[in-house]
Amino acid sequence: MARDGERIVYVARERLLDAMTWLKDTPGQEFNYLVDVTAVEFRDRERPIEVVYFLRSLERRADIRIKVELQPTEELAVDSVWSLWHGADWLEREVYDMFGITFRRHPDLRRILMWETYGEGYPLRKSFPLRGRFSRAEQVRQALNANPEAHYSMEELSIAEAAGDIPEDMRDRLRRGERGVIPEPPAP
Amino acid sequence: MKRVGEVKSSNYLLAKFQDLVDWAVNSSRANSLWPMPFGTACCAIEFMATAASRYDFARFGMERQAFSPRQADVLICAGRLPFKLAPVIRRIYDQMPQPKWVISMGACASTGGVFDNYAMVQGIDTIVPVDVYVPGCPPRPEGLLYGILLLHKKIKGESLFDAVRRREEQPLDDKGLRLAPETIDEISEPFGNSVHQFRSS
């Protein structure tokens with residue numbers, strides 16, 4: 001139990017998806033709403049990094065927190081819960097952007113707040129200096145040389161509604177996150 | 001009989017004519033400044049208050065707010081500017097026709113303010129040239145109006161015939177920077193009671 005009276009459950013990394021599926025589908029649990037996904041890194045470097053899931057059951061009006069501990073010595077990766085709650089898409093992207101935790105089998109895992117060519121690391125990690133790793137001049141140079149349109153995938157821009165009509169190979173290419181090429185219009 | 005001043009009379013007339021042209025041009029420019037609002041934070045709320053009826057900067061010829069940079073004269077950056085928006089504001093500035101002016105409204109736009117961190121531009125003058133800095137967090141509408149009147153005064157001091165006082169475009173150099181890297185580092189240094197921190201930590 002947490003100090004605010006909420007229930008916290010620690011889950012092993014390998015069993016996360018099983019536990020989440022059970023929590024979502026079992027009658028009497030029915031946690032059908034994923035409120036937030038976030039992560040915690042403690043000042044004590046020995047302590048593991050925690051990925052925290054906030055679940056809510058809208059019918060039962062109950063909350064629960066699921067925590068997964070990741071040892072900093074091993075690979076920072078957990079299974080994505082996108083297959084259970086599609087709302088996890090951007091939440092997990094944000095955790096990946098800020099903490100560098102990889103979510104396996106996430107459909108589109110790339111940075112969401114920082115731009116995709118951001119090269120300074122993961123800003124909310126304790127090893128990250130507050131003002132960034134690069135000098136201010138280098139940050140300004142990289143920012144000014146960035147292409148603002150490149151922050152968005154083609155799906156997010158013009159062809160989102162036409163996604164079903166574009167060729168399979170192009171869709172694959174977009175899904176892999178290759179960007180910067182505007183597809184030619186088809187010949188009449 | 002030669003009168004005093006006759007030798008310089010042609011220069012004198014030319015100077016008078018130039019003054020007249022400058023006066024006409026500058027008055028026209030100063031009294032019909034169309035703002036391009038670039039509002040990213042709470043300063044934009046004060047900006048809207050300045051535009052609304054109680055303070056009403058339309059009294060100073062800013063009748064039409066151009067949300068299109070190609071029809072704007074003065075870029076008012078109201079609010080903090082993250083690095084992700086830096087190429088955006090630079091492109092907006094580049095799209096504005098000359099002559100153009102920039103007002104940096106508020107502490108964050110002018111210096112980065114309290115946001116001395118990895119994501120924030122430490123003063124938009126590292127991105128675009130700034131004419132008037134309006135301090136405050138956020139500045140009251142009176143403050144912005146005072147900044148606008150200062151800009152009027154500055155515009156009225158410009159001259160088409162004087163290379164020093166004439167406005168010139170400041171393009172980016174081959175590295176894509178407006179200022180030298182050392183200058184950017186210098187003006188982005190922490191100051192005041194900002195947290196002391198080493199970059200290598």
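Some ground rules. This is a predicted model, where local features need pLDDT of at least 70, side-chain atom pairs count only at pLDDT 80 or more, and totals for chains, interfaces and linings use all residues. Residues are numbered from 1 along each chain as its sequence is written, and chains are lettered from A and ligands numbered from 1 in the order in which they are written.

Now the sheet in chain B. Four strands form an open sheet, ordered β1-β2-β3-β4, with parallel pairing. Strands are DSSP runs of E, at least two residues; helices are runs of H or I, at least four; both are numbered from the N terminus. Two strands pair if DSSP finds at least two bridges between them. β1 (35-39) and β4 (132-134) of chain B stand at the edges with a single partner strand each, so one side of each lacks a neighbour in the sheet. β1(B) is joined to β2 (residues 74-78) of chain B by five bridges.

Next, helix α3 (residues 86-95) of chain B. Its buried residues are B:A86, B:P87, B:I89 and B:Y93. Buried means 20 or more other C-beta atoms within 10 Å of the residue's own, with C-beta atoms placed from the backbone. What covers these buried residues includes α3 (136-144) of chain A, together with β1 and β2 of chain B.

Last, the two chains. Their contact takes 18 residues from chain A and 23 residues from chain B. Contact means C-beta atoms, placed from the backbone, within 7 Å.

Notes:
A residue is buried if 20 or more other C-beta atoms lie within 10 Å of its own, exposed if 12 or fewer, and partly exposed in between; C-beta atoms are placed from the backbone. Two residues are in contact if their C-beta atoms, placed from the backbone, lie within 7 Å.
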